[in-house]
Amino acid sequence: WLKLEAREHPSHQPRTYGRSAQLNVSFLCRLRPLAMSGVAKEVPWCTVFLVVGALSAHVLVLSGNLATAGMLHNLGESTHGWSQVGLSFASAMQNQLDPAMSNVSYYLTETIDVITELQQSTDVMLSMSGSATDAALAEYNVTRDDSEQFKAKVMASLREVSTKLLDQIVPLVDKFLALLQPALNQLQEWMTSFGTQAQPAIEEFTSTLDQAQTLFDQAGKRGLLEESINARAEVMTQMGTSSGTNEDTMIYNTYTLFDTDGSGSLYPNDLQKVAQLFGISSLSGNKAKEVFDTYDSNGQGGIDQEEYALFVHDPSLPGVMSTVLRTYSKTLAEIGGRMSGATMRDEVAIEVAGYLEVVSSKNITRLSWVSQALTNGSLPIQFTADVLRELAVAVDDPNRLSVVDVGAVALGEMMRLNSEWLVKAVRLLSEPEFWLSEGFPGPEQAGVVSRLVNWTATTPLGPWALKQSGMDFRDSASNGESLAKAAYRVIQQRQSHYAAGHLVDKASGEASVYSSSASQYMRSQLLGGSGAAASGDNLEADMATRAGVPALPATLQFAHWLANNATLTAQQHLQECFDYSGESSGTLDSLAVQVNGMFSKVQGFMNQMSSYATSQGVERLVNQSLGFVKGAADDIVLVCEEYVDAQLAEINCQLFGVVCNMTAREKDMSLDLTGSFNFITMTLQDLKTVMPAVLKDLKFAKKGVSSVSNSMNSVMVVLGLKAPPFMYQISLLYRRLWVAYFVVFGLMTLGVLFYGFWASGYFGGPQTQTSAGEDGGYEAPRGFAERLRSCCTSCTACVRGCHDNHLCYWSLLLLAEVVVLLLFLVSVVICIIGGVQAFLSAGCGQVYILGDESICTTALKVMRTFLSTFWMQSSSVQDTCVQESLLTCQLMTNHMMSAVKLSVIGSLSASVLSFWMVLESALMHERARWSRVVDAQAKKP
């Protein structure tokens, strides 16, 4: 352009200037004809190509991020689907597995009672058969009776007696099979369901639930938005639950959990106890004292709530409030689940005591509610006594959530409400008969009662109430002995006397049963020397049957109310944790670990019954039972016949003065018997030995099932309610953000294109501004359109007047450089987001259920085989994975890889092309400015 040649205008008159000025004027004069004739229009192809490229790059960025927004929306749908699957799994465990375990526990407990009855009835049958035999032999007269005829008569009479006695035992055998067979069939079904083939599938399924939940937490908290902008807080604000806005609630709910001793302030011991109870490693050891010294700003020796608000934001304690409250809520949910599934009185009592242990540190009002229910007469006094026993035992539990003696606090509240009822319950526990009838270990009684007496004596009404009830052990106290020690000693003596008397009664009872010589002989030959009841005497079995007392309807109703309260409270706190942290679970909340632990418990009691809980085992047990029914009478007659022969032979030997070679007591008849009594001596005794341990493990496993199901239910409810709306809002905001990005940068890019055409002569091109005098003077505008044009011209006069100013343009150019820099930063952030997306996608690589429809469907089918009530929303699970958007990784991968490529390539390209457009606009500006300068010089006379 500068090389264009122009001819000097004819009217130009030379003037005298300095040398430099003369050169400039000469140059401008040479360009005057060109300026007066106007700049030739030309298309700014370079600018066009740059603008088209930049717009294309912005379109790529927009497309990639819209795909990401779609992925976030799909992730919300997938989260909803997996929450429904988790709820169905929890419901199936709670409604199918839990009741089935209760039924098996009931059947086994009743079976132990029937076995005891069978053993006692067997002793009675042998005793009466022996007594009848000895009575018949007493009538034998050597000189009068023929021995063979007499023997035949005795045997016929004995068979009739033994058959009648056996007929009375047959219903017990039938009852034994009727109770045991359903339990064994259920155990056999579980051995298949929980077997080596099903367990890996179930473990993978629960691990997938964890992975789906983790993917949501990563996408919602770390991923995709928080890296680029602080949009997550805006999303939560739009949902009415902004992250961190419930901090006051979290501080209120967690401060009492940190205050483990209830002193009202936090001390290093409190912090160390919290670290131990809630798994906060950053507070273990000396760290607790260091943190305490940092935030005890007023130097009063304790952290108050204001200092605690600073303490929870310590960088070394990330998410400490969410961790503590989530763990507390999980424990509360597990207690609620176990309580809702409890059917026996001891089970309910254990969970009520656990509930008091948990809530006492946070809510003394609820402790008062429970104390009132335990003392107002609405619940049986036996149940109140059982709860007191559990509170006393819990003091020695190292894992309880409070260092305060919750039992002492609860007992004090009960004394305030109804001292008479409470002391009556304590007195009931001091009686060995009641203690053992509840299935409690005898050695524990003295310690429990002494602790309860000590707690009672420390209350205002305690000493008077104990004295009125006859439980003031000071009368029995020796010199210097405390009330608690005196109570311990007295109760221990009572227990010892009762146990000794019980042993004497049992021994005398067996001696009275087997009082005849014939019955003792039959006991020796058929039972191996000990009575059936005596050889089957088992303390563990007695405790198991006594502990299996069904809870009364009033107790179950109270437990149901308390379980609902615990579950709802846990869900509320979990929602508060979600609102505060944006996470549905913590790093330690693994459903797979909980379910695997439950499997271990279930397999524990199944292994003990494995020899019976098979088709062959059940068949063998039935055959042994039938063999006993069919052969017992024959064996009794056979043994008695040998006994009668021996007795008759001994009478004859004595009559004739001959020494007999063998007596009946010396002969071994085991090879001659049918072996029917092995059912009594071996099978029933083995079952009675194994079943108490099985019942103990079964109760333990049942607790695990109830805990896992209710804990999973609480987590999945929060996940289903909070996660989908959260992800939908993130998706919408993310979409709006990048649409706004495209609009802003698109308009800026089109503005550069317009400027390029204008600077190249289009749209009027660059022209010199003329004054009013040069245009022939001012003319008033005519019409509305001219008035608007005049108004706009006046308002933009300053801009139009200074647009050729270097300071103005280069200031705008620097601003454009800043915009390009921001665009480059956006591209860097998009690269980071792409890395996060790639990380999330890589995390799906090994979770095949989330990425393959056939594997997902197979897993659901296995779960339905394991739990028939799983996923009852449809009769088939064939299309569930697609319909419920369970293929999370597939949904993410389909959008993610293309989104990463488009976003990264587009953002980097947009940055480079935009910077190039800035440089090109500088060249166009100089061209336009010099064109106007030439035009101005050309218009001068």
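Buried means under 20% relative accessible area, exposed means over 50%, and partly exposed lies in between, with a 1.4 Å probe and protein chains only.

What we have here is a predicted model, where local features need pLDDT of at least 70, side-chain atom pairs count only at pLDDT 80 or more, and totals for chains, interfaces and linings use all residues. Residues are numbered from 1 along each chain as its sequence is written, and side-chain values use heavy atoms, with hydrogens and water left out.

Confidence next. pLDDT is the predictor's confidence in each residue, from 0 to 100. The chain average is 78. At least 70 is reached by 79% of the residues. Residues 222-243 stay under 50. Even there, the model has 57 contacts beyond four places in sequence; a contact means heavy atoms within 4.5 Å. Residues 771-775 are also below 50, and that stretch has two contacts beyond near neighbours in sequence.

Now arginine 489. It sits in helix 18, residues 483-513. Helices here are DSSP runs (H or I, at least four residues), numbered from the N terminus. Arginine 489 counts as partly exposed because its relative accessibility is 25%. Glycine 447 is 42 residues away in sequence, yet 9.3 Å away in space, C-alpha to C-alpha.

On to the cysteines. How many disulfides are there? One, by the rule used here: a pair of cysteine sulfur atoms within 2.5 Å. The partners are cysteine 856 and cysteine 881, with sulfur atoms 2.1 Å apart. The S-S torsion is about -95°, so this disulfide is left-handed. It links distant parts of the chain: cysteine 856 is in helix 29 (residues 853-866), cysteine 881 is in helix 30 (residues 880-883), and 25 residues separate them. Cysteine 856 is buried, at 0%. Cysteine 881 is buried too, at 1%.

Cysteine 577 has a relative accessible area of 0%, so it is buried. Cysteine 46 is at 34%, so it is partly exposed.

Last stop, the surface. Val739, Val743, Leu747 and Leu750 make a nonpolar patch of about 340 Å². Patch residues have over 30% relative accessible area and no salt bridge; nonpolar side chains (Val, Leu, Ile, Met, Phe, Trp, Tyr) are joined within 5 Å, like charges within 9 Å. A salt bridge is a Lys or Arg side-chain nitrogen within 4 Å of an Asp or Glu carboxyl oxygen. Leucine 750 lies in helix 25, residues 678-759. Its relative accessible area is 41%, so leucine 750 is partly exposed.

Methods: Accessible areas come from the Shrake-Rupley method with a 1.4 Å probe; for residues, only the protein chains shown count as cover. Helices (H or I, at least four residues) and strands (E, at least two) are DSSP runs, numbered from the N terminus.
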